[in-house]
Amino acid sequence: MISISPKTKQSLLFIIKIVIVGGAFYFIYNQLAHNDKLDWQKFLLLFQKNYSITGIAFLLLLSVLNRFFEILKWQNLVSYLHKISLAEATKQVLGALTAGLFTPNGIGEYAGKALFFEKSKAKTIVFLNLICNGIQMILSVFFGIFGLLYLNADYNIITSKTVLILFGICLFLFGILFFLKKINIKGYSIEKLIHKINEIPKSIHQKNIFLAICRYLVFSHQYYFLFLAFDVDLPYFTMIATIAAVYFLASSLPTFQFLDFAVKGSVAVYFFGILGVNEWIVVFISTLMWFLNVVLPVVIGSYYVMNFKIKTEQ
């Protein structure tokens, strides 16, 4: 067994911190400075035309609320183990977000949060984070399906036959999961997972669902208000349904946090293109959503990463 001196551990940890933070800022700069689809000249002209301190403050407030509800969700779920302060929950959420920036579908976020706790609690923290992200995914699917059906009624994006086939596939998959719930794979099964979820008090689950709905409404309407700021004039329900469909389909695709805007942007270009919205506007709004809800929290999270200390067993 190779032993590493405390001084060497500190040096390695410092290097890892620099790599994470330096890499985060490099990718952010690279995506904003070298994206050919971003027409900054058009953006600046429109910005000067519709410039409003109140509007900017309102959009920034929605970004704060978006992350605030996520922080409250995490604080609520961790209370299953022990209570943590809002400041501690903020540190864990934003630090983990920064650490998970380069990993597929934010998987690194799971490890990032676990590092703030003792090793003996690592599995429970990963499980709680799964519930935290899982409810958001369920809401995206739920609202996204209704969004697609609403759009399909007006724009015939997919045929009725395709809709029935998709619902049939979903029912088939749920049926398989139900009949295979007792099958164990390396000691894990769906039945055990459900049992473990039920161990958490209902009050925590109820609060988690409420906060997740609040967060969904915040970021979906932030998207909506950005379209209004870019002079896109479409019916409210059509816009919200399209946004719901975009988030549903984009969240189903494997991606990295730092490429999140590119994936959502590509899906958004297709759907909003059907509605007649200019591609450059859709790309810019997707980029702004990424900047407001990923870049700004990562900048703050970088501070927590640089000040991170490994949690030891107590």
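## A quick tour of the helices and cores

Start with the largest nonpolar core: it has 37 residues, and Y223, F227, F272, V277 and I285 touch the most other members. A nonpolar core here is a set of buried Ala, Val, Leu, Ile, Met, Phe, Trp, Tyr and Cys residues joined through side-chain atoms within 4.5 Å. Keep in mind that this is a predicted model, where local features need pLDDT of at least 70, side-chain atom pairs count only at pLDDT 80 or more, and totals for chains, interfaces and linings use all residues. Residues are numbered from 1 along each chain as its sequence is written, and side-chain values use heavy atoms, with hydrogens and water left out.

- Setting aside neighbours within four places in sequence, I285 is in contact (heavy atoms within 4.5 Å) with Y223, L226, F227 and F230.
- There's also a second, separate core of 17 residues, and L77, V78, F117 and C132 are among them.

**Where α3 meets α6**

- Helix α3 (residues 53-78) packs with helix α6 (residues 122-155) at an angle of about 140°, and their axes are 10 Å apart. Axes are lines fitted to C-alpha atoms, for helices over the stretch in contact, and angles run from 0 to 180 degrees between N-to-C directions.
- That makes the pair oblique, the label left over once under 35 degrees counts as roughly parallel, over 145 as roughly antiparallel and 65 to 115 as roughly perpendicular.
- On the α3 side the contact is made by E70, K73, W74, L77 and V78, while the α6 residues include I125, L128, C132 and I135.
- Sorted by type, the residues of this contact are eight nonpolar, three polar and two charged; Ala, Val, Leu, Ile, Met, Phe, Trp, Tyr, Cys and Pro count as nonpolar, Asp, Glu, Lys and Arg as charged, and the others, Gly among them, as polar.

**Two residues to look at**

- C132 sits in helix α6 and counts as buried because its relative accessibility is 0% (buried is under 20% relative accessible area, exposed over 50%, partly exposed in between, with a 1.4 Å probe and protein chains only).
- Not counting residues up to four places away in sequence, C132 touches E70, K73, W74 and L77.
- D231, in the loop between α9 and α10, isn't a glycine, yet has a positive phi of about 65°.
- With 43% relative accessibility, D231 counts as partly exposed.

Notes: Helix = DSSP H or I, 4+ residues; strand = E, 2+ residues; numbered from the N terminus.
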